[in-house]
Amino acid sequence: MMARETGILADRAIAALFKSGRLTSERELDLDQIQPASLDLRLGTKAFRVRASFMPGPTHLVSDKLDRLKLHVIDLSEGAVLETGCVYIVPLMERLDLPAGMSASANPKSSTGRLDIFTRVITDYAQEFDKIPAGYSGPLYLEISPRTFPIVVRRGSRLSQIRFRVGNALLGEPELLQLHNDQVLVAASRPNVSGGGIALSIDLTGDKEGLIGYRGKHHTAVVDVDKKAQHDIFDFWEPLYSRGRTELILDPDEFYILVSREAVHVPPLYAAEMTPFDPLVGEFRVHYAGFFDPGFGHEAAGGRGSRAVLEVRSHEVPFILEDGQIVGRLVYEHMQEKPEGLYGTGVGSNYQAQGLKLSKHFRA
């Protein structure tokens, strides 16, 4: 099958960027670093604690701003603790030299979002976070601010991921509805398609025990971002139960892990992204937009019934969420070609066929 001219780059094309020198890295790639439709980005050796988050702007290098705003420098070569409520800037190992027709965008990895670690990729001369303009050549930096748990990171830790695209590959609403009719993108009897995306709603009915989600605890031990199944759930999370009610009051500035009512499907020739929800609809947001790789929820890749885990935070006022309320939208884009590896099929996927699930760091 011929590759499309526009679309999201698949794993094979990302590997080709390294071969051609358009992508470079300080050290050899990790074996599972290239995902079906994205590349994991790795932390470099130093973290700069800064007074505040900043945008470089069209006339400044990130390094210029760091010279002025840094409070101290932390060595990550042996691992270090990043504290909650602080802002850190870390130069990344990967560097870009994009061709004129290729842009990129970044997002936290699933596990990063589920730990309530706020991350954004910054480039030199940036005027937007997580957006890398076509033709950008230069270094990448990651802004990191742990919100709920202090974390341990080290050189090589992977908190963020980047997607590369040629042209505009976004599906419009008629195309999205047609794809849903053909391949069922969300398991809903009447899909809500507007604003260029397909709606996801919240499930507050709970599982057979009535478990509807988790709320993050405060003043916990540290979470090592590179270690799986290291921590007891109850040391970090308070389980939430429905108790016969189908609503949940979100307390201001608390962090919740909840789950979508609908199962989600991303066919192999498409990639999806959850967009931050419009605050005009309510005083909360699904906190971390996220990438959904080709094959997520795809039956042939073992993902039938995969639901979207939602990281939710209320804003200034308490807010009542009700079962079935829309909390986010998935937008879909064309892939340039089908990836060699689909999500869930031997590419180290942690969340295929998931229901309500905490990050991989906690023992089930």
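First, my terms: buried means under 20% relative accessible area, exposed over 50%, and partly exposed in between (1.4 Å probe, protein chains only). This is a predicted model, so local features need pLDDT of at least 70, side-chain atom pairs count only at pLDDT 80 or more, and totals for chains, interfaces and linings use all residues. Residues are numbered from 1 along each chain as its sequence is written, and side-chain values use heavy atoms, with hydrogens and water left out.

Entry on helix 2. Helices (H or I, at least four residues) and strands (E, at least two) are DSSP runs, numbered from the N terminus. I looked up which residues of helix 2 (residues 62-69) are buried, and found Val62, Lys65, Leu66 and Leu69. They sit on the same side of helix 2 because they cover an arc of only 105° around the axis (directions from the helix axis to the C-beta atoms). An α-helix has 3.6 residues a turn, so residues three or four places apart point the same way. On the other side of helix 2, I found Asp67 and Arg68 exposed.

What covers those buried residues? I found that the cover includes strand 4 (46-50), strand 5 (70-75), strand 7 (87-97), strand 9 (117-123) and strand 11 (137-146); contact here means heavy atoms within 4.5 Å.

Entry on phi. Asp130 is not a glycine, yet its phi is positive, near 65°. I placed Asp130 in the loop between strand 9 and strand 10 (131-132). Asp130 counts as buried, at 13% relative accessibility.

Val184 also has a positive phi without being glycine, near 55°. Val184 lies in the loop between helix 4 (173-183) and strand 14 (193-194).
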